Amino acid sequence: MTAAPAYITPDQLCVGLFIQLELGWWEHDFTFSNFKIKDEAQIKALRDLGLKRLRYDPARSDCEPLELEPDAPPPAPEPEEAPPPSPEDIARQERVVKLSKLRKRLAEVDRKFIHASQQVKQLNQTLRSQPEEALKQAGQVVGDLVASVLGEDGAALHSINGKAGDDAYFHSLNVTVLSVMLGRQLGYDSEACHSLGLGALLHDIGKMDVPSKVLLKPEPLTRPEQQLLQMHTEFGLRRSQQLMLDDEVQRIIHEHHEYCDGSGYPKQLHEASIARLSRVVCITNHFDNLCNPLNPRDGLSPHEALSRMYGQYRQRFDEVMLKAFIRCMGVYPPGSLVQLQDDRYGLVLGMHPTLPLKPTLILFDPKVPKEEALIVNLEHEPSIAIARSVRPGQVPPDALEYLDPRQQVTYYVDPRTRG
């Protein structure tokens, strides 16, 4: 007949007792659940677990437990012995740990985006009065981005869920993030990526000289208004010369609306006459304008924007760069709604350029509260696969409200390696 298990209180612990922890392996920091106490550090760690009683084996112990103080309560009555955790329980706990780490990681990317957007807002406000300070701020934003993107394993691109600051500053930050990501995809070095990022961040500085009633007009512009808006590239060139920016940065500001087929402005240049960094920003600027137009109801999903750029307007862009941009954004760009092979719906939160079919998703599950929604990295979930990209109108209303795809699509990067 098996002897009944023996229990003691944490106050009775001493060196030499053989302890049998009735906890899952993930609930304590000891190498094994059954062990003989060898020092005071282990006694402290056992007491820090906060248990009211602990099981021990008298036959395998070197000594008796310490005597209880006269007024100390006896060990709690013995409950039914808990069964060992099942493989399903262990798998569930592992998923909880992974989900917690992933949520913390995404929250950190959100935090960095908020900080960068505030820096961009500040530099826009100081460009007129303190241009040197504004350029210093711009260099810091770009330097941080380049360092992240050119890291050992590159950077994952994330669609940002939180809203921070004013929408007007999202565009230049988006174009900067996407341009530096594309620059890395094209193999540019740190110096080229820095010039690219600085030109992208400042590409619209000429709009400071365009009246706000033209910039913010919701209805279609008149022809004179359209011509005035297009002058922002000339105004920007003048400002960039006053700021004594590098030639490559000046050319980005002047040429980011020039198309390779000669249909752009202000000079109707053709591909060979457009600087390579200007051709990069032309692509990322056009993409963000399709996703984030002045009227959000006219916005395309990132997947639709890429499809339109390649399907309808391919001749406008450098073909090598456009294909590299599509690879960089992935088959399912961050911010896209998707349907899985098991018919569930999800929203793409992030992707690594080397794993275009394995993005990070938030999944719709009506049984799980929205604030606890399941986030999965398909790199670590081989049983889950995306079937197709979908438009908001193809998603059931309850799933659409749950996933909450943002009308304003914003991007930032996670520089840490995959794992």
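## The largest pocket

The largest pocket of this predicted model has a volume of about 1,900 Å³, where a pocket is an open set of points on a 1 Å grid over the protein atoms alone, with protein on both sides within 12 Å along at least five of seven lines, and a volume is the space filled by probe spheres set on the points, which are joined across faces, edges and corners. Its lining, meaning residues with an atom within 4 Å of a point, comprises 48 residues, and Asp204, Lys207, Leu215, Asn289 and Leu294 lie nearest the centre. Two or more lining residues come from each of helix 2 (87-126), helix 4 (168-185), helix 6 (212-215), helix 7 (223-230) and helix 10 (276-291), helices being DSSP runs of H or I with at least four residues, numbered from the N terminus. Helix 10 gives the most, with six residues.

By class, the lining of the pocket holds 23 nonpolar, 17 polar and eight charged residues; Ala, Val, Leu, Ile, Met, Phe, Trp, Tyr, Cys and Pro count as nonpolar, Asp, Glu, Lys and Arg as charged, and the others, Gly among them, as polar.

One cavity of 30 Å³ or more is found in a search of the whole structure, a cavity being a set of points where a 1.4 Å probe fits but cannot get out. The largest cavity has a volume of about 70 Å³, and of the 11 residues that line it, Ser159, Gly335, Leu347, Pro405 and Arg406 are the closest to its centre. Its lining divides into four nonpolar, five polar and two charged residues.

## Cysteines

Zero disulfides, defined as pairs of cysteine sulfur atoms within 2.5 Å, are found in the whole structure. For cysteine 14, the nearest cysteine sulfur is that of cysteine 63, 3.6 Å away.

## Basis of the values

Residues are numbered from 1 along each chain as its sequence is written, and side-chain values use heavy atoms, without hydrogens or water. Local features need pLDDT of at least 70 and side-chain atom pairs count only at pLDDT 80 or more, whereas totals for chains, interfaces and linings use all residues.
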